Amino acid sequence: AEDAEEIRRQVTRAVSERGSLNLQFRYRPGEGGKELWFEARGHFSCDHTSHAGFLRGVLFDVTDRRRIEEVIRANEKRFRQIVENSPNPQVMLDESGTIQSVSSAAAAKLGYPAEELVGRPALALVSSDQRSRIQEQARQFAETDKDAFTGLVRVCRQDRSTFWIEADVSKIRAGHAVQGYLVRFAKLDLGPTCQPVPHLQIHAQ
């Protein structure tokens, strides 16, 4: 195994702590062989004397899963670059709603440097009087099999001023799994006394 040192460390820890073992490691069978990935799960057990100990567990071949994950990560990197270089206001979120990438146009409208937005929860940019509504709408959307929704929301700039946007939110999928969301938005030019009616429209792409 190419990760022999890490395996020894994890097994030693599990034995000394009489705890569990959960690790992934690479294995290359022979020179020039195809690299394989395995996942080992186990736990420390004692025999009937309660003294002698051993690890009991199972071994899974997770090579295909690792390759799929590598493709997803590569795609996410390319997708992030597309978002960052877009001339339009758009933001990429992970599945929990944390900002992963933001275009310069979106950062400018929100009044933040782009690097300060990455890693922040998108909900933090929503006006405080609307966060519970948006959180509930996001939950509804995540639980549907639809791919996108549009809605009106008031957001906060860094200088604490607010403005209304129409947001179009699309799911980013890898197969059937949702890996994140793409949010494209347009600022609405409304008069100071105009209060639009917030709405949510879920639809298939």
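Two strands are said to pair if DSSP finds at least two bridges between them. Helices (H or I, at least four residues) and strands (E, at least two) are themselves DSSP runs, numbered from the N terminus. With that in hand, let us walk through the structure.

A word on the source comes before the tour. This is a predicted model, in which local features need pLDDT of at least 70 and side-chain atom pairs count only at pLDDT 80 or more, while totals for chains, interfaces and linings use all residues. Residues are numbered from 1 along each chain as its sequence is written, and side-chain values use heavy atoms, with hydrogens and water left out.

The protein chain contains 5 helices and 9 strands. Of the 205 residues in the protein chain, 33% are buried; here buried means under 20% relative accessible area, exposed over 50%, and partly exposed in between (1.4 Å probe, protein chains only).

T63 counts as buried because its relative accessibility is 4%. Setting aside neighbours within four places in sequence, T63 is in contact (heavy atoms within 4.5 Å) with E35, L36 and W37. For W37, the backbone nitrogen lies 2.9 Å from a polar atom of the T63 side chain.

Now move along to the hairpin of β6 and β7. Strand β6 (residues 148–156) and strand β7 (residues 162–174) pair in the antiparallel sense over 9 bridges. Across this pairing, R154 stands opposite W164 in β7. The hairpin has 5 residues between the strands, and R160 takes a positive phi near 75 degrees.

Strand β7 is also joined to strand β8 (residues 177–187), by 10 bridges, and these two run antiparallel. Here A167 stands opposite F185 in β8.

Our last stop is S170, a residue of strand β7. With a relative accessible area of 4%, S170 is buried. The side chain of S170 makes a polar contact with the side chain of R184 at 3.0 Å. A polar contact is a pair of N or O atoms within 3.5 Å; within protein, one must be able to donate a hydrogen and the other to accept it, and residues adjacent in sequence count only if both atoms are side-chain atoms. S170 and Y181 are 11 residues apart in sequence, with their C-alpha atoms 5.5 Å apart in space.
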